[in-house]
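Dear colleague,

I am handing over the structure we spoke about, and my notes on what was found in it follow directly below. Please read them with the model open beside you.

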Amino acid sequence: MKRQISNLINSGLNPIGLQLDRFRDPVDPGNSYMSDERMRESLVVQLAGLAMEELASVFKSGKTTEESMKDDVRVFLELFKECPIGQNSGGSGFHNLFWIYMSARVCRPDLIVESGIWRGKATWFLERACPDAEIHAFDINLGYIDKRNYKRVKFVESDWWSYGVSVEQGQSALAFFDCHISHMLRISQAHERGFTRVLLDDDLPVEKLYVDGSPPVPTANMIVNGYSGDSKIECVHRGNIMNLDLGTKGDRETLASLVDTYRTFASVAELSGYGGYTRLSALTLL
Ligand SMILES: C[S@@+](CC[C@H](N)C(=O)[O-])C[C@H]1O[C@@H](n2cnc3c(N)ncnc32)[C@H](O)[C@@H]1O
């Protein structure tokens with residue numbers, strides 16, 4: 001009966017390009033997991049092993065051990081069940097949240113800036129990862145945030161650049177940019193404000209820019225890998241033509257010279273069976 005009704009509605013919607021579809025939460029540790037503790041532990045060991053390898057190559061921390069990494073993975077998987085922000089389409093899924101949480105645990109920053117927070121799911125995980133950190137969360141539209149879910153986060157409805165947050169002497173800091181603004185701009189701003197550890201989402205290589213409706217070009221991937229092609233490029237996303245400005249070769253090279261280490265995180269989907277968009281990168285600046 002339900003199917004007949006939805007077919008009837010769709011027969012009206014389809015001619016104008018719309019479709020009624022049943023929404024299903026993606027498979028994640030909040031709704032799908034091994035009840036058997038030993039089997040669950042095997043996933044913890046695998047994820048911690050990967051995190052150790054990936055994070056050691058970009059964010060070095062003397063305090064991280066294999067045991068602390070496993071503890072962090074266990075807590076992360078439990079937090080997924082508690083997180084009050086459920087379905088997060090348009091924002092971070094399991095892959096991003098795993099790397100954001102683990103990066104924050106390894107970096108142990110006193111100061112965190114997140115630009116582009118959407119429903120605040122990554123913000124929630126950042127606050128759990130670093131309960132004592134000063135967290136500034138920026139978005140040009142805070143209309144999707146329920147502030148009651150956070151204890152210490154300072155939400156600001158503006159672009160982070162127009163707000164005077166910067167790293168003070170002796171402070172350890174982490175910046176996360178997920179606002180679809182040029183990575184070139186965000187990296188240079190982060191450098192100017194004293195941030196040396198940066199996470200960047202939507203870090204697409206030039207030949208895959210069509211994947212995103214608003215790619216943050218030039219991306220860190222293009223900068224670090226020395227993209228030397230044209231300054232303008234056209235691609236098509238879901239039928240819409242995008243004319244993208246990729247900056248000048250000189251500007252990209254100047255910025256590349258500030259980058260010390262760089263890594264696009266390996267997908268955790270194969271290990272875990274949990275998915276999500278996988279274009280999150282980490283870099284450190286000189
Ligand atoms: C992909 S969503 C962020 C997802 C979120 N970080 C998460 O992990 O779930 C992009 C967000 O960037 C915001 N945005 C767009 N321009 C911005 C700007 N200049 N500064 C801060 N946020 C911006 C949008 O309003 C949107 O909420």
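Strand 8 (residues 259-264) pairs with strand 9 in the antiparallel sense over 5 bridges, where helices (H or I, at least four residues) and strands (E, at least two) are DSSP runs numbered from the N terminus, and two strands pair if DSSP finds at least two bridges between them. Within this pairing, Arg263 stands opposite Ala282 in strand 9.

Before going further, please note that this is a predicted model, in which local features need pLDDT of at least 70 and side-chain atom pairs count only at pLDDT 80 or more, while totals for chains, interfaces and linings use all residues. Residues are numbered from 1 along each chain as its sequence is written.

Strand 9 (residues 281-285) also runs antiparallel to strand 5 (residues 197-200), to which 4 bridges join it, and here Val198 has Leu283 as its bridge partner. On strand 4 (residues 173-177), strand 5 pairs in the parallel sense over 3 bridges, with Phe176 and Leu199 as bridge partners. These strands belong to an open sheet of 7 strands with mixed pairing, in the order 3-2-1-4-5-9-8. Its edge strands, each pairing on one side only, are strand 3 (154-156) and strand 8, and the twist from one strand to the next averages 15° (axes are lines fitted to C-alpha atoms, for helices over the stretch in contact, and angles run from 0 to 180 degrees between N-to-C directions).

Helix 6 (residues 183-192) lies across strand 4, strand 5 and strand 9, and runs at about 160° to strand 5. Leaving aside neighbours within four places in sequence, Val198 is in contact with Ala175, Phe177, Ile187, Ala190, Leu283 and Leu285, contact meaning that the C-beta atoms, placed from the backbone, lie within 7 Å.

Val198 is also among the residues with the most contacts inside the largest nonpolar core, which has 70 residues (a set of buried Ala, Val, Leu, Ile, Met, Phe, Trp, Tyr and Cys residues joined through C-beta atoms within 7 Å). Helix 4 (residues 94-107) gives the largest share of this core, 10 residues.

Finally, helix 5 (residues 121-129) is largely enclosed by the rest of the structure, because 8 of its 9 residues are buried (20 or more other C-beta atoms within 10 Å of a residue's own; exposed means 12 or fewer, and partly exposed in between, with C-beta atoms placed from the backbone). What covers these buried residues includes helix 3 (66-82), helix 4, strand 1 (111-115), strand 2 (134-138) and strand 4.

With best wishes

Conventions. Contact = placed C-beta atoms within 7 Å.
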